[in-house]
Amino acid sequence: MDKFLWLIPALPLGGFLILAFAGKYISRKAVAIVGAGSICLSALVMFAVGGAFLSGMPENAVYTQTLWTWFEVGDFNAKITLSLDALSLVFVFAITFIGALIHIYSTAFMEADRDYARFFASMNLFVFSMLVLVLADNLLLMYLGWEGVGLCSYLLIGFWYEQPANGAAARKAFTVTRIGDAAMAIGLFMVFQQAGTLVVSEIGANASAIWQPNSTSVTITALLLLAGGLGKSAQLPLQTWLPDAMAGPSPVSALIHAATMVTAGVYLVARMHTIFALSETARLVVAVIGAATLLLAGLTALTQYDIKRVLAYSTISQIGYMFLALGVGAWTAAVFHFMIHAFFKALLFLAAGAIIESLHHEHNMFKMGGLKDKMPVVFWTFLAGAISLAAVPLVSAGFYSKDQILWYSWSAGGGNAVLWAVALAGALITAAYTTRMMILTFWGESHTPIGHLPGRRMTMPLVVLALFSVFAGFIELPHNFGHFTLFSDLLHPVLPETFMKENIPSEWLFQLLAALATLGGIFLGYYYYYQKPSRIENLRRNGLVVQLHRFWFSGWAFDALYDRMLVKPFIYISSINKKDITDKLYTGIAAITGDMYKLLSRTQSGSLRWYIMGLVAGAILILGIQIML
Amino acid sequence: MMLVLLITVLMVGAVAAVVAGEWSRHVPRWIALVACVIGLMCVIAIWANTSPAGGSVPSGQWLLDYRKSWIPSFGISFHLAVDGLSLLLLALTFFLGVLAVLCSWDEIRERTGFYYFNLLWILAGVAGVFMAMDLFLFYFFWEVMLIPMYFLIGIWGSENRVYAAYKFFIFTQASGLLMFLAILGLYFIHGQDTGIYTFNYFELTGTVIPFKSAFWLMSGFMIAFAVKLPVFPFHTWLPDAHGEAPTAGSLILAGLLLKTGAYGMLRFVVPMFPEAVREAAVPAMVLGVVGIIYGAVMAYSQTDLKRLVAFTSVSHMGFVITGIFALNELALQGVVMQLVTHALSTGALFLMAGMIKERLHTRDIGEMGGLWGPMPQMGSIGLVFAMASLGLPGLGNFIAEFLILLGVFQAHPWITVAAASGLIFSAVYSLRIVGKIFLGPRKTMETVPDFSFREMLIMAALTVSIVWLGLFPQPVIDTARPAITELVRFMDVQSAALQHQPYVKQ
Amino acid sequence: MKPSVSIEVVVLLAGLLFALGIVGVIIRKNIIFMLLSVEIMLNASGLAFVAAGSRWGQPDGQVMFVFILAMAAAEVSIGLALILQIYHQHKSLDIDNLKEMNG
């Protein structure tokens, strides 16, 4: 089956090419068929190849296929080689399967849009790039996918390009992630200089021979690679672009800014785990950044009005959990949470998109309300996503994935009490803002009349994703009950076992606390937004709370900070120098020449006797000099 | 003989065009097109014959050689030769020549005969520069490029053309004279050492020069090439010349004339003054990095589209000089790629600026906006080349910048770190181009037609090339390899020799 | 034959004449007088040539003097013709009135 590996990315690419060149000439129906069909086919190929991969695990647990040599200079060579191992299989599964569902949803969602073909062309290109990213066997090819998804993200955020705000959001997304990418590029140079290759498996095999554990060079390399991941995955301090990226259509937010692209950083760190494993400092940095981000973004999500911005901050926060897991060494837990998160967050975005469309592009949750009975399908599916996000114990997939991370953040080799406490607080906050979102959107009085309800093509993907959001968690059950480890067993050929500390308290205690945190958060949301909304009014009178609310609402003022520190100075410096100061040097020379000429031209008076005087004086001078010497 | 043909076909075409221009306005463009196409086919024929796939594989670096005595009493000969590097740049010359003729097709309506005469004459000069293996002949071609370009800007340019033409002329002429002095200096030093007075490149490269004079001679060459490239403090002629030149003029300036500077450094400066080059490497690379950042920042503030693109050239050429002075194979291959891909990507952006100007009659990006709606084709192509200029993987420029940075990293990591900031700045200005021109609300409600067939042909050729170079760059790398490895080997031998004779420096 | 007048005296005389000529050219405003002063300078140099020629016993000095004579003759004839034309056009021979440049 490995012969067909190339088809997985090639089908979306084919779809992109058809739509880009012929999109103008074919009917909208054909556009939908090509656009969604290519991804569905790709998903089918993925199932076939993945099935073969799982049933007969190949020798070294990896399928590789070299297509051609990209370029070769001296001792550097980069091949276009795809490789499928368990880690990339999980990602490919999420990308093609969820991608196919989102594409089907989009055929209905984007129906009325003028640029139907452009939308699907960009989406297909995105899926292609993302697949290249996760299937690449060397870092350079991965970088190609990495930048490719950035481009598609730019195109799709700015899809409705006539509004300047969308263009600005798109530009911001590209530029901020590019900062991380530049650092990552330097990381690649370091890897090549030290390892002499960019092929992931070769780096992995020789990592401990190349680098001393905890040496400066391995730490710097890891941190540079991490910087790329931070940009793409919207983690501190490069998180500011993701909330603005919600300017794109909802399916885009679901696919790119929730399920797949933003988790590229997680993939990168997991893929390069051999390097991170060698540097304790780098892992600590990963964990701390993850913890800080999950808390910060969670608190921000509590204060947002726009339903998509709540989900965006929630995405940042959940990816923070994944980074935390990576940092403490719980590699499989991070990837597991990635997969579950992809299901429920894509679901939440798609459902939110359906709501927004039905309410005539109303994003503000405070103007929604009362949708429980009017949009039952959306309500129930949204609920499934929400309990998964809030990690309601036992019944939701999110519980199984997040509980693992909470447990490991204390008990794994890199874990400690502070990280655990932060993660637990995050769980409480998550439950609180999820409940708030649910109540504001679905309960209470209706504030906006509903337009048309979503059709079958939109609800079907919601239902499928809802099923996964509830049941997908059962493939990996905690050690103390069930101890069912299908998912981590699958990944263990690629990712190492989590290294545990000695003498840790019972896992039951942690699960109890996590469940309590979730339930407490739900209760808080229920209490403040359903039972006693007047309490919120009371809170609003407190000056400190208002200040804090404003601070959190602005995303901890990061935008203002960067604006003042980086953007404004850059624009200022660049604008004052518009005329190019170095040119003054040359215009200065030209001006001096002009002045000299004016000076000398005064001697050209036309008076013959002055000329003769000059002649004589010159002759005398020369004679004088000759005699003197 | 093939090499002589390349130049004569252009020169004959030029004369024919000016003669035909007396009778008809349309015949000259056909003559020019035919001349360029013949040249392009000749280059392809040479390439096909000498590539490993073709029949005769030459053993060394040089593929073809033609030599005739010219002024024997001064040791001047008419000596042309090509290696892989020259061949690539020649192919580029004729390819862009065809495009330049095509893009002037309707734009030029006055004095067409003389226009195409100048155009072809510049191309002849550029082609000569890439082939000349006699320093006198090289200087001759160097000047041949200059004067028709002066006319091209000065006669067919836009409002401020005379100023721009003068500035271009004075910068290049003054720096060219310094180079000529350096050539003469080299000529006499070699003559005094060996008793053979010759301008022949191959004999002059072996000259042993005291370090101090080597440094001054190198400076003479370097200034001429640095002005042409342009390197940071010498770049100020470029925005003016680009801004005012007609579209084809900008295309040739960006695509070819700038490349002669880089070619000169690779061909003459590095092999002739290896020791001085080694000494000057770090300052030169720093200048390159300054150019990368300065050009990008300047590009961000420009409102005139062509000036903006001109500053992006300054930024990209910063990569070239940084790469040349890294003096290893990775970086030098990157430089060769950068020469080719920058010519295509920046050339395309200039062509697009010209096409937009024909439609909107302005170069001010403040007056554009929302053009994606009426011109989706131009929008997508514009996006491709904006992405090329920010170095998106999958397009040619990425390979170039990646190899340069990777090569420079081996030599001087900190310089790479500074240069990599160019990746961020290039994103900033490229997205500004796309945003200002194609996105946002419409500023004018005029109807603007999308690409015509001829325009589509030009842009399609460029797009296909840049994507091809991004995905299959190996043929270019293989073609340049003998020249580059020879250069690197030469530098290594030099430094090895120096370690045995440390006194040479005194 | 020993010269009866010492060479120094003759050269001094030539120098004096030459200086006189220069001063004449500079301070005179009338073109005719300037031309006259130029003639004096020419003759001064001629005298120096002759003196030097006789000092070294060479004929070259006299040859040069003949040259100078011929040149002076040509110069005077053209000069006078120009002066005549200038006078016709400007009705003046004052050199300061004739300048048309303004530097």
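## Domains of chain A

Domain bounds here come from an automatic or database domain assignment. The model is predicted. In chain A the assignment gives two stretches: domain 1 covers residues 279-531 and domain 2 covers residues 581-628. The centres of domain 1 and domain 2 of chain A, taken over C-alpha atoms, are separated by 84 Å.

A UniProt record, an unreviewed entry, also lists a domain in chain A, at residues 70-120, under the name "NADH-Ubiquinone oxidoreductase (complex I) chain 5 N-terminal". In the model, residues 70-120 of chain A are 57% helix and 25% strand.

## Contacts between chains

Two pairs of chains are in contact, and of these, chains A and B share the most contacts. On the chain B side 38 residues take part, and on the chain A side 36 residues. Helices H11 (274-301), H13 (329-360), H15 (396-411), H16 (413-437) and H18 (474-500) of chain B each supply at least two residues of the side that touches chain A. The largest share, ten residues, comes from H16(B). By residue class, the side of chain B that touches chain A has 25 nonpolar, twelve polar and one charged.

Chain A also meets chain C, in a contact that takes twelve residues from chain A and ten residues from chain C. Helix H27 of chain A (residues 608-628) gives five residues, the largest share of the side of chain A that touches chain C. This side of chain A divides into four nonpolar, six polar and two charged residues. Chain B and chain C are joined by no contact, and their closest C-alpha atoms lie 26 Å apart.

## Hairpins in chains A and B

In chain A, strand E1 (residues 63-73) and strand E2 (residues 76-84) run antiparallel and are joined by nine bridges. Tyr63(A) has Leu84(A) in E2(A) as its bridge partner. E1(A) and E2(A) form a hairpin with two residues between the strands, where Gly74(A) takes a positive phi near 55°.

Chain B has an antiparallel pair of strands, E1 (residues 62-71) and E2 (residues 76-83), joined by eight bridges. Tyr66(B) stands opposite Leu80(B) in E2(B). Four residues lie between E1(B) and E2(B) in this hairpin, and Gly75(B) in the turn has a positive phi of about 70°.

## Nonpolar cores

The largest nonpolar core holds 441 residues, of which Ala346(A) and Leu120(B) touch the most other members. Helix H15 of chain A (residues 331-358) supplies 21 residues, the largest share of this core. Apart from neighbours within four places in sequence, the contacts of Leu120(B) are Leu10(B), Gly13(B), Ala14(B), Ala17(B), Ala32(B) and Ala35(B). A second, separate core has six residues, among them Ala14(C), Ala44(C), Phe49(C) and Ala51(C).

## Annotated spans of chain C

For chain C, an unreviewed UniProt entry places the feature "transmembrane region" at residues 6-27, 32-52 and 64-84. In the model, residues 6-27 of chain C are 95% helix and 0% strand, with end C-alpha atoms 32 Å apart. Residues 32-52 of chain C are 100% helix and 0% strand, and their end C-alpha atoms are 30 Å apart.

How values were computed. Residues are numbered from 1 along each chain as its sequence is written. Chains are lettered from A and ligands numbered from 1 in the order in which they are written. This is a predicted model: local features need pLDDT of at least 70, side-chain atom pairs count only at pLDDT 80 or more; totals for chains, interfaces and linings use all residues. Two residues are in contact if their C-beta atoms, placed from the backbone, lie within 7 Å. Ala, Val, Leu, Ile, Met, Phe, Trp, Tyr, Cys and Pro count as nonpolar, Asp, Glu, Lys and Arg as charged, and the others, Gly among them, as polar. Two strands pair if DSSP finds at least two bridges between them. UniProt positions are given in the numbering used here, feature names are shortened, and annotations may be inferred rather than shown by experiment. A nonpolar core is a set of buried Ala, Val, Leu, Ile, Met, Phe, Trp, Tyr and Cys residues joined through C-beta atoms within 7 Å. A residue is buried if 20 or more other C-beta atoms lie within 10 Å of its own, exposed if 12 or fewer, and partly exposed in between; C-beta atoms are placed from the backbone.
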